[in-house]
Amino acid sequence: MNPLCSRCNLVVYPTEKVNCLDKYWHKGCFSCEVCKMTLNMKNYKGFEKRPYCNAHYPKTNFTCVADTPENLRLKQQSKMQSQVLYREDFEKNKGKGFSVVADTPELQRIKKTQDQISNVSVRCGSPLTLSAYQSSAGSQNYNYEPAPEPVRQAAGGPPPSAGVSILLRKRYRAVYDYSAADEDEVSFMDGDVIVDVQQIDEGWMYGRVERTGQQGMLPANYVEAI
């Protein structure tokens, strides 16, 4: 039995039948609900099982909800619930994100070193920065021991020819890198051998770096006897 057309309610024969939107149509009856333009399976758009052309396809509109007293009450209630949940979560996790750092011997040693550097800076009248130590310590592991700061006197020590120096007749090895800060000082690297060493005072020596051949003053606490 042949079905009826959804538009004209007449019998639809197989040669002119269009099956679309769960309905049967004559080819001529399958048209836009608004402008009656004949459609096909490629250019139609269905809405609520009715065919439309692209120009007259119903647009979906959004409904604005008025701020009624009931809606305002629900909004306020939701806000209060959010605040209560946030407060409960805060109290539950309070103190979990922080840890107490123990005053270990290593931390005490670092603190003491910083205090000594600060005291030397005050006595010398010029700040001795800790940036070099911090940058080098940051690139090594935590147990890296920084090089001690040389104690600088207000006036430079006398040259070796002044007669007050003591010839030690020993060879020394550098245990830290040192960059000369004045023209009368000498730079060296960790492991360099220092020869022809003369003691100037308790904090400074005069010697020659065997690797480079350069000579000058150097801090005594940067080297050790070999």
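Okay, let's start with Tyr178: it's buried, at a relative accessible area of 6%. Buried here means under 20% relative accessible area, exposed is over 50%, and partly exposed is in between, with a 1.4 Å probe and protein chains only.

Quick housekeeping. This is a predicted model, so local features need pLDDT of at least 70 and side-chain atom pairs count only at pLDDT 80 or more, while totals for chains, interfaces and linings use all residues. Residues are numbered from 1 along each chain as its sequence is written, and side-chain values use heavy atoms, with hydrogens and water left out.

Back to Tyr178. Its ring pairs edge-to-face with Tyr222, 5.2 Å centre to centre and 75 degrees between the planes. For pairs of Phe, Tyr and Trp rings (the six-membered one for Trp), centres lie within 6.5 Å; planes under 30 degrees apart are stacked, over 60 edge-to-face, and the rest tilted. Tyr178 is in the loop between β6 and β7, and Tyr222 in the loop between β9 and β10 (223-225), so the pair ties together parts 44 residues apart in sequence. Strands, by the way, are DSSP runs of E, at least two residues, numbered from the N terminus. Tyr222 is buried as well, at 5%.

Phe188 takes us to the largest nonpolar core, which has 18 residues. By nonpolar core I mean buried Ala, Val, Leu, Ile, Met, Phe, Trp, Tyr and Cys residues joined through side-chain atoms within 4.5 Å. Who touches the most other members? That's Tyr172, Phe188, Ile194, Met205, Leu218 and Val223. At least two residues each come from β6 (172-174), β7 (193-199), β8 (204-209) and β9 (215-219), and β8 gives the largest share, 4 residues.

Take Val223. Skipping neighbours within four places in sequence, Val223 contacts (heavy atoms within 4.5 Å) a list including Tyr172, Phe188, Ile194, Met205 and Leu218. Apart from that core there's another one, of 9 residues, with Val18, Trp25, Phe30 and Tyr52 among them.

Now, aromatic pairs: the structure holds 7. One of them is Phe30 with Tyr44, edge-to-face, at 5.5 Å centre to centre and 65 degrees between planes. Both sit in the loop between β2 (23-26) and β3 (45-47), 14 residues apart. Buried or exposed? Phe30 is buried at 1%, whereas Tyr44 is partly exposed at 25%.

Last one: the charged end of Lys45 sits over the ring of Tyr57, 5.5 Å from its centre. That call needs NZ of Lys or CZ of Arg within 6 Å of the ring centre and within 35 degrees of the ring normal.
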